[in-house]
Amino acid sequence: MEVFISGLILAENLIYKMRELLILLLLPLFCLSQKMFVQNSQVHFFSSAPLEDITAISNKLEGVVDFDTGDFFFRIPINTFIFPSSLMQQHFNEKYMDSETYSVSYFKGNFSEKINISDNQLINISAIGTLNMHGVNQDVVIQTNLMIQDEQAQFNSVFDVFLK
(Lines give C-alpha, C1' and ligand atoms only; values in the text may rest on other atoms or scores of the structure.)
Protein backbone atom coordinates (compact mmCIF):
# COMPACT_ATOMS: atom_id res chain seq x y z
CA MET A 1 0.00 0.00 0.00
CA GLU A 2 2.82 2.42 0.84
CA VAL A 3 4.53 1.67 -2.49
CA PHE A 4 1.32 2.45 -4.37
CA ILE A 5 0.79 5.73 -2.47
CA SER A 6 4.40 6.87 -2.91
CA GLY A 7 4.21 5.90 -6.61
CA LEU A 8 1.01 7.94 -6.91
CA ILE A 9 2.66 10.93 -5.23
CA LEU A 10 5.66 10.64 -7.58
CA ALA A 11 3.30 10.48 -10.57
CA GLU A 12 1.42 13.57 -9.31
CA ASN A 13 4.71 15.45 -8.85
CA LEU A 14 5.84 14.42 -12.35
CA ILE A 15 2.54 15.59 -13.88
CA TYR A 16 2.82 18.88 -11.94
CA LYS A 17 6.41 19.41 -13.19
CA MET A 18 5.36 18.57 -16.77
CA ARG A 19 2.54 21.09 -16.49
CA GLU A 20 5.03 23.74 -15.33
CA LEU A 21 7.37 22.86 -18.20
CA LEU A 22 4.53 23.05 -20.72
CA ILE A 23 3.50 26.47 -19.39
CA LEU A 24 7.11 27.69 -19.54
CA LEU A 25 7.47 26.41 -23.12
CA LEU A 26 4.25 28.08 -24.28
CA LEU A 27 4.91 31.37 -22.47
CA PRO A 28 7.49 32.65 -25.01
CA LEU A 29 5.06 32.03 -27.86
CA PHE A 30 2.52 34.34 -26.28
CA CYS A 31 5.01 36.93 -25.01
CA LEU A 32 7.06 37.25 -28.19
CA SER A 33 4.15 37.37 -30.60
CA GLN A 34 3.13 40.83 -31.77
CA LYS A 35 0.09 39.65 -33.72
CA MET A 36 -3.09 41.62 -33.06
CA PHE A 37 -6.66 40.90 -34.09
CA VAL A 38 -9.23 43.62 -34.74
CA GLN A 39 -11.64 43.89 -31.82
CA ASN A 40 -13.35 47.22 -32.36
CA SER A 41 -13.65 48.89 -35.73
CA GLN A 42 -15.41 51.61 -37.61
CA VAL A 43 -15.28 52.08 -41.36
CA HIS A 44 -16.92 55.18 -42.77
CA PHE A 45 -17.22 56.11 -46.40
CA PHE A 46 -18.39 59.17 -48.24
CA SER A 47 -19.14 59.73 -51.91
CA SER A 48 -20.25 62.99 -53.47
CA ALA A 49 -23.08 62.51 -55.96
CA PRO A 50 -25.11 64.99 -58.05
CA LEU A 51 -28.46 64.36 -56.32
CA GLU A 52 -27.22 63.71 -52.80
CA ASP A 53 -24.07 62.73 -50.98
CA ILE A 54 -23.73 59.10 -50.00
CA THR A 55 -22.40 58.10 -46.61
CA ALA A 56 -22.37 54.86 -44.65
CA ILE A 57 -20.77 53.23 -41.60
CA SER A 58 -19.88 49.67 -40.68
CA ASN A 59 -18.52 48.32 -37.39
CA LYS A 60 -17.86 44.85 -38.81
CA LEU A 61 -14.28 45.12 -40.08
CA GLU A 62 -12.25 42.01 -39.21
CA GLY A 63 -8.51 41.67 -39.48
CA VAL A 64 -5.13 40.73 -38.18
CA VAL A 65 -1.82 42.61 -38.05
CA ASP A 66 1.53 40.94 -37.41
CA PHE A 67 3.86 43.63 -36.09
CA ASP A 68 6.87 41.27 -36.33
CA THR A 69 6.56 40.85 -40.12
CA GLY A 70 4.49 43.92 -41.03
CA ASP A 71 1.88 41.73 -42.72
CA PHE A 72 -1.81 42.55 -42.38
CA PHE A 73 -5.18 41.44 -43.65
CA PHE A 74 -8.48 43.32 -43.22
CA ARG A 75 -11.88 42.29 -44.58
CA ILE A 76 -15.35 43.77 -44.38
CA PRO A 77 -18.68 42.28 -45.41
CA ILE A 78 -20.24 44.73 -47.87
CA ASN A 79 -23.80 44.30 -46.62
CA THR A 80 -22.81 45.51 -43.12
CA PHE A 81 -22.71 49.17 -44.19
CA ILE A 82 -25.57 51.14 -42.66
CA PHE A 83 -26.92 54.12 -44.64
CA PRO A 84 -29.11 57.07 -43.64
CA SER A 85 -31.94 55.68 -45.77
CA SER A 86 -32.98 52.10 -46.48
CA LEU A 87 -33.43 52.88 -50.18
CA MET A 88 -29.85 54.13 -50.42
CA GLN A 89 -28.68 50.96 -48.67
CA GLN A 90 -30.70 48.76 -51.04
CA HIS A 91 -29.32 50.50 -54.14
CA PHE A 92 -25.77 50.24 -52.81
CA ASN A 93 -26.03 46.50 -52.14
CA GLU A 94 -28.10 45.47 -55.17
CA LYS A 95 -27.15 47.82 -57.98
CA TYR A 96 -23.75 49.28 -57.19
CA MET A 97 -21.78 46.70 -55.16
CA ASP A 98 -23.76 43.55 -56.04
CA SER A 99 -23.11 42.35 -52.50
CA GLU A 100 -24.66 38.92 -53.08
CA THR A 101 -21.95 38.14 -55.64
CA TYR A 102 -19.13 40.25 -54.13
CA SER A 103 -19.93 39.89 -50.45
CA VAL A 104 -16.55 40.92 -49.01
CA SER A 105 -13.91 43.54 -49.71
CA TYR A 106 -10.41 43.16 -48.35
CA PHE A 107 -7.08 44.92 -48.00
CA LYS A 108 -4.02 42.68 -47.77
CA GLY A 109 -0.39 43.74 -47.64
CA ASN A 110 2.40 44.90 -45.39
CA PHE A 111 4.30 47.84 -44.01
CA SER A 112 8.08 48.07 -43.70
CA GLU A 113 8.29 50.17 -40.54
CA LYS A 114 9.51 48.25 -37.49
CA ILE A 115 7.06 48.79 -34.65
CA ASN A 116 7.38 47.65 -31.07
CA ILE A 117 3.91 47.48 -29.54
CA SER A 118 5.44 47.80 -26.06
CA ASP A 119 6.39 51.42 -26.81
CA ASN A 120 3.65 54.07 -26.67
CA GLN A 121 3.96 56.01 -29.93
CA LEU A 122 2.23 57.81 -32.76
CA ILE A 123 3.74 57.01 -36.14
CA ASN A 124 2.79 57.43 -39.79
CA ILE A 125 3.22 54.22 -41.78
CA SER A 126 2.78 53.33 -45.44
CA ALA A 127 0.47 50.36 -45.86
CA ILE A 128 1.28 48.79 -49.22
CA GLY A 129 -0.97 46.10 -50.63
CA THR A 130 -3.94 44.98 -52.65
CA LEU A 131 -7.39 46.44 -52.14
CA ASN A 132 -10.13 44.19 -53.52
CA MET A 133 -13.58 45.66 -54.10
CA HIS A 134 -16.29 44.24 -56.33
CA GLY A 135 -13.87 41.51 -57.42
CA VAL A 136 -11.34 44.02 -58.76
CA ASN A 137 -7.82 44.18 -57.32
CA GLN A 138 -6.08 47.54 -57.04
CA ASP A 139 -2.49 47.98 -55.86
CA VAL A 140 -2.54 50.81 -53.35
CA VAL A 141 -0.33 52.65 -50.88
CA ILE A 142 -2.33 54.02 -47.97
CA GLN A 143 -0.80 56.47 -45.51
CA THR A 144 -1.93 55.42 -42.05
CA ASN A 145 -1.60 57.02 -38.65
CA LEU A 146 -0.83 54.32 -36.10
CA MET A 147 -1.17 55.04 -32.40
CA ILE A 148 0.17 52.50 -29.91
CA GLN A 149 -1.02 53.07 -26.35
CA ASP A 150 -0.67 50.47 -23.60
CA GLU A 151 0.00 47.72 -26.18
CA GLN A 152 -3.22 48.54 -28.04
CA ALA A 153 -3.06 49.68 -31.66
CA GLN A 154 -5.34 52.14 -33.40
CA PHE A 155 -5.12 52.68 -37.17
CA ASN A 156 -6.60 55.78 -38.79
CA SER A 157 -6.58 56.27 -42.57
CA VAL A 158 -8.34 58.44 -45.09
CA PHE A 159 -7.96 57.42 -48.72
CA ASP A 160 -9.68 57.58 -52.10
CA VAL A 161 -10.86 54.56 -54.06
CA PHE A 162 -10.88 55.24 -57.77
CA LEU A 163 -13.45 53.56 -59.99
CA LYS A 164 -12.12 51.61 -62.95
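Me: How many helices and strands does the secondary structure of the protein chain come to?
Reply: Two helices and nine strands. Helices (H or I, at least four residues) and strands (E, at least two) are DSSP runs, numbered from the N terminus. This is a predicted model: local features need pLDDT of at least 70, side-chain atom pairs count only at pLDDT 80 or more, and totals for chains, interfaces and linings use all residues. Residues are numbered from 1 along each chain as its sequence is written, and side-chain values use heavy atoms, leaving out hydrogens and water.

Me: In what order do the elements run from the N terminus?
Reply: The order is α-β-β-β-β-β-α-β-β-β-β.

Me: Which strands form the open sheet?
Reply: Seven strands, in the order E1-E4-E5-E6-E7-E8-E9, with antiparallel pairing. Two strands pair if DSSP finds at least two bridges between them. The edge strands are E1 (35-37) and E9 (152-157), and each pairs on one side only.

Me: What holds paired strands together in general?
Reply: Strands of a sheet pair through backbone hydrogen bonds, either parallel or antiparallel.

Me: How many bridges join E5 to E6?
Reply: Seven. Strand E5 covers residues 71-77, and the two strands run antiparallel. One of the pairs is aspartate 71 with asparagine 110 in E6.

Me: Where is serine 105 found?
Reply: Serine 105 sits in strand E6 (residues 104-110).

Me: Buried or exposed?
Reply: Serine 105 counts as buried because its relative accessibility is 7%. Buried means under 20% relative accessible area, exposed over 50%, partly exposed in between (1.4 Å probe, protein chains only).

Me: What does serine 105 touch?
Reply: Not counting residues up to four places away in sequence, serine 105 touches Phe74, Arg75, Ile76, Ile78, Met97, Asn132, Met133 and His134. Contact means heavy atoms within 4.5 Å. A polar atom of the serine 105 side chain also lies 3.3 Å from the backbone oxygen of asparagine 132.

Me: New topic. Which residues of helix H2 are buried?
Reply: Met88, Phe92 and Asn93, in a helix that spans residues 86-96. Seen down the axis of H2, the buried residues fall within an arc of 125°, so they line one face of the helix. The arc is that of the directions from the helix axis to the C-beta atoms.

Me: And which residues are exposed on the other side of H2?
Reply: Ser86, Glu94 and Lys95.

Me: What covers the buried residues of H2?
Reply: The cover includes strand E2 (43-47) and strand E3 (54-58).

Me: Last one. What percentage of the protein chain counts as buried?
Reply: Of its 164 residues, 24%.

Technical notes. A polar contact is a pair of N or O atoms within 3.5 Å; within protein, one must be able to donate a hydrogen and the other to accept it, and residues adjacent in sequence count only if both atoms are side-chain atoms.
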